[in-house]
Amino acid sequence: MNKGQTDSNEWLMSNKQREDPFQQQQQQQPQAQPQFQNAHPHGGPSAPPPGYCPIPPPNPPKIIAKPKYNDVWATALFAVFMAGFAVFAALGLPLAIEDLKTGELGRRPNNSSSGSVSLSFKVSASDIGGLIAASVGTGVAFSVVYFMLMLKFPGPIIKFSYFVNVLLLAGMAAYTAYLKSYIACAIFAVLAFLVAVTYWGVRDRIPFSQLVLETVCKISIRFNGTLFVAFGGIVVSAVYAVVWIGTLFGMMEWLQVRNVSSGAFYAILVILVFMSFWFNEVVRNTIHMTACGTFATYFFMGMQQPNSDRVTLPSNHTTAKSLGRALTTSFGSICFGSLLISIIRTLKFIAHMARTDSDGNIICCFVATCLECILGCLADILDYFNKYAYTEIAIYGKPYCEAGKDVFELFKYKGFDLIINDCLIGYVLAAGSFLTAALCALAGFLFVYLKGGLGSAGNSVGVYVGVCLISAFIGMWMFLVLLEVVDSGTAATFVCLAEDPATIQRQQPRFFAALQERYPDANWGIQSIAY
């Protein structure tokens, strides 16, 4: 067997293994799609009865038996840009480190006695370590508690997080009204009202999202390597961010010393920003594809044991193999999609700079604001599109463009279900992120309060605000590990169900029966609609 072959390919070695079950199902079901009479209890299209076996399509989705290195040009281009960043870092980091020792990061020491500003203060290592320990400990502890709540009480926590989102929007409306920003108040109030009213239209989808969330949490516990991959990726991004900031300040000084023109200065700034966007997108999408590949292997290769919920897999090290595919045959596709969204976000950054540097030019400010808004919307749309494109790549080993075409088909036939499911589970993850940040900020506040201050900085309001913001950021960073895995697992679960429910029914009948019972419409695969 080829080394690069996916775990799912081991199960799909011969076409006969995939065709025979389909032929048996087609003998049992008429070729034309049957018209079922039992409509869903909450309305909507007719749903198949319990025990209905989805009709497989004439051309079912196939996993590439011998995956090749896709989109190699994108990998080469990414390597060139990272080599360029290494050059910038070699020039700028030594200067940044030197300035950091003198407390003058990003600028040369000013020998003038007038107009000097001193922001130096002393904080002991024990204070810094205690603050980090309090924030990290609170973030990890609450993330574990929140994960167990998602596992044990998925339905109630979906409803709870939904109304937490409504309360946050209402709170923002009240706050902007207090600030006498009535336009913003009206916008937040309308959003809060619409989200609250929309609940009555999506409440019938909660059982489906509840089952998906519960299943994703169970699989995450079994394949906890996905959590370690996510944590490792976030650490890599954090280290890169530190190096990038040092490089940025160092290059600013390097250019100032050489009296480089402002045009060259802005060009290098834009290049560095683009490199940052691209690198972080590549890391994030690698985590996503690793988790998606692991979940897809569970659904397509896992065999449920008779009279048991236990699912066995023919291969070990599932997460490691999925990570290996993401870093080898599919890495070019990761770089390709990440390149596209990085270009859009860099253009948005340029529009933002143009808006802030408009110097009172109303026309320039208006055009730049419009461009920034449009590019922001495009970036969000492409980010959502990439999420499912990379899910397709992780499952089937496709090139990026082919995966993109299949995502359009997925949106065409199952887009409404997909968006509602993403929103419901997204509210759960957003509420968890917010609560984790709030608790970590409280932990940082209590640490400084009980210590009576933070070193020579004291216990002023500014110190408390800074500590709370830093602690909240650390808490969100810790919860991001859990968020990435659950979000990726949700996407993979939905794609597997939407594109090949017949395989999941055969491999894991108990899970499929629970799906039919809770939300029958959701188990209609794309083939049940398109063919």
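D71 is buried, at a relative accessible area of 14%; buried means under 20%, exposed over 50% and partly exposed in between, with a 1.4 Å probe and protein chains only. The model is predicted: local features need pLDDT of at least 70, side-chain atom pairs count only at pLDDT 80 or more, and totals for chains, interfaces and linings use all residues. Residues are numbered from 1 along each chain as its sequence is written, and side-chain values use heavy atoms, with hydrogens and water left out.

- D71 is not a glycine, yet its phi is positive, at about 50°.
- D71 sits in the loop between α2 (15-28) and α3 (72-102). Helices are DSSP runs (H or I, at least four residues), numbered from the N terminus.
- K180 also is not a glycine, and its phi is positive at about 65°.
- The loop between α5 (154-178) and α6 (182-202) holds K180.
- K180 counts as exposed, with 63% relative accessibility.

**Packing of α9 and α10**

- Helix α9 (residues 262-301) packs with helix α10 (residues 318-327) at an angle of about 135°, and their axes are 8 Å apart. Axes are lines fitted to C-alpha atoms, for helices over the stretch in contact, and angles run from 0 to 180 degrees between N-to-C directions.
- That angle makes α9 oblique to α10. Angles under 35 degrees count as roughly parallel, over 145 as roughly antiparallel, 65 to 115 as roughly perpendicular and the rest as oblique.
- The α9 and α10 crossing is right-handed: the near helix is turned clockwise from the far one by less than a right angle.
- On the α9 side, the contact is made by T286, M289, T290, G293, T294 and T297. On the α10 side, T318, T319, S322, L323, R325, A326 and L327 take part. Contact means heavy atoms within 4.5 Å.
- By class, this α9 contact with α10 has 4 nonpolar, 8 polar and 1 charged residues. Ala, Val, Leu, Ile, Met, Phe, Trp, Tyr, Cys and Pro count as nonpolar, Asp, Glu, Lys and Arg as charged, and the others, Gly among them, as polar.

**N285 in α9**

- N285 belongs to helix α9.
- N285 counts as buried, at 5% relative accessibility.
- Setting aside neighbours within four places in sequence, N285 is in contact with I334, S338 and Y390.

**Cysteines**

- The structure holds 0 disulfides, a disulfide being a pair of cysteine sulfur atoms within 2.5 Å.
- C217 is buried, at a relative accessible area of 0%.
- C401 counts as partly exposed, at 47% relative accessibility.

Definitions and conventions
Helices (H or I, at least four residues) and strands (E, at least two) are DSSP runs, numbered from the N terminus.
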